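The following paragraphs lead through selected features of a protein structure. Please keep the sequence and the coordinates at hand while reading.

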Amino acid sequence: MDIRINPRPLSGVITPPPSKSLAHRLVIAAALAAGTSTIRNITLSQDIEATLRCMAEFRCAWTWTGEDSLRIKGCINQERDRGGLPWLDCGESGSTLRFLIPVALALGGGGQFTGRGRLMERPQQPYYDIFDRMGIYHGLENGVLTVQGDLKPGEYRLPGNVSSQFFTGLLMALPLLDGPSIVASTTRLESADYVTMTMGVLEKCGIQIRYSRARDSFGVNPGVYCPFDAAVEADWSQGAFWYAAAALGSTVQVRGLDNGSFQGDKVIAIHARKLANPGDASIDVSGCPDLLPPLAVMAAVRRGTTVFRNAARLRLKESDRLATVRDMLLDLGGLADEGEDSLTVHGVESLRGGTVDGANDHRIVMAAAIAATRCEQPVTILGAEAVKKSYPSFWRDYEHLGGEVLVV
């Protein structure tokens, strides 16, 4: 679907959708519980559907209990067909894939994982290095990743500067084993707030994780996931786009976000204040890579040059986001330069407008839509349906705030 936006400022009050990051963790925890859990305020984006679809392969069952609530019966103590490895279609969800690789090993001796877009190209080397040491088979052929073997208690050492998702996957899988384990980072752990979020979910389920700051390691004992009742809080990473709209001159008020959240992307509030002031600026996005698209849009029309540092991981997202964010800004009349692990944005008075390739990337599409509010001419976005991956109601909310969106 391609859409055209006739530029105009937005106005009104908006509550971002439920946190996709938290929803993934709650769904997996509920699926691993010995009983039935309820998750409220959850949205079935394509990524969350992928996680539910995969957990169903382990005999987890789920039903809607209301407009935005799920009841999930856990797979523990459920008999599963042992005739072969489960087939796990992760869609385009990196979280689903990385969280469930060790979970599949712990539950059923492995699985066959597949996906769409760039998903199966995204790096899994931290897992592969561990599997090689443990004698666990892994092989990627024709877009299908097969892992098979026994996940055993022990010490797991892996780099923390690739993705915190590897740590979350291990922390969710290791309590299912019959002995204690340690997960240790061999580098500074980036996006550490998301591991803290994982620990919070595990604690809700009765699983205690011991964190050692001195060793940057996590101690995990065997445990039984207990069923729970929880609500998914609003998503700071999606709220960031409405923060960007306000920074570009729209009178948008963002409500419903928890300032005490474990979500690392709550730093958008701090970065937005920084970019509200003129002058050159530098922002380290190693701990909040998903914020680069809305932050880059803010930087595009401010006085001064903004450098986004430590951004190499963005090349491994749904698109190469250093390249696609740069291209988006250039296509709209902005000024931006791409470095090996950085993006430099030179502020201009206003954007011209034009056509943006959404690159099958939900965050590029949403960023372009927000940038359109400061364009002089209409903006056409190719592949606008990509928002369904994380924010299915984005276009409805955009129009609710006064945006004019036409399908072309």
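In which loop is the place of S191? The model under discussion is a predicted one, and in it S191 lies in the loop between β11 (181-185) and α6 (192-204). The backbone of S191 deserves attention, for this residue is not a glycine and yet has a positive phi of about 55°. Most residues other than glycine have a negative phi. With a relative accessible area of 7%, S191 falls under the 20% limit and is therefore buried.

A second residue of this kind is A359, whose phi is near 55°, again a positive value in a residue other than glycine. A359 belongs to the loop between β20 (354-357) and α11.

At one end of the order, β12 and strand β13 (residues 217-220) pair in the antiparallel sense over four bridges. Within this pair, I209 stands opposite V220 in β13.

The discussion now turns to the interior. In soluble globular proteins, nonpolar side chains tend to be buried together. Here the largest nonpolar core holds 69 residues, of which I39, F113, F131, L171, V183, F218 and Y225 touch the most other members. The surroundings of I39 can be followed in detail: leaving aside residues up to four places away in sequence, I39 touches L26, V27, A30, D68, S69, L70, I72, F228, A230 and V232. A second, separate core has 66 residues and includes A281, V297, L351 and A386.

One of the members of this second core, V297, is among the buried residues of α9. How does helix α9 (residues 292-300) pack with helix α10 (residues 321-331)? The two helices meet at an angle of about 35°, their axes 11 Å apart, and α9 passes α10 in a right-handed crossing. On the side of α9 the contact involves L292, P293, A296, V297 and A300, and on the side of α10 it involves R321, L322, V325, M328 and L329. By class, nine residues of this contact are nonpolar, none is polar and one is charged.

What covers the buried residues of α9 includes, besides α10, the helices α7 (236-247), α8 (268-275) and α11 (362-371) together with the strands β17 (305-309) and β19 (343-346).

Helix α11 also contains R363. At 4% relative accessibility, this arginine counts as buried, because the limit for that class is 20%. Which residues does R363 touch, not counting residues up to four places away in sequence? They are S237, Q238, F241, D290, P293 and R321. Two of these partners, P293 and R321, also take part in the contact of α9 with α10.

Definitions and conventions
Residues are numbered from 1 along each chain as its sequence is written. This is a predicted model: local features need pLDDT of at least 70, side-chain atom pairs count only at pLDDT 80 or more; totals for chains, interfaces and linings use all residues. Side-chain values use heavy atoms; hydrogens and water are left out. A nonpolar core is a set of buried Ala, Val, Leu, Ile, Met, Phe, Trp, Tyr and Cys residues joined through side-chain atoms within 4.5 Å. Buried means under 20% relative accessible area, exposed over 50%, partly exposed in between (1.4 Å probe, protein chains only). Contact means heavy atoms within 4.5 Å. Axes are lines fitted to C-alpha atoms, for helices over the stretch in contact, and angles run from 0 to 180 degrees between N-to-C directions. A crossing is left-handed if the near helix is turned anticlockwise from the far one by less than a right angle, and right-handed if clockwise. Ala, Val, Leu, Ile, Met, Phe, Trp, Tyr, Cys and Pro count as nonpolar, Asp, Glu, Lys and Arg as charged, and the others, Gly among them, as polar. Two strands pair if DSSP finds at least two bridges between them.
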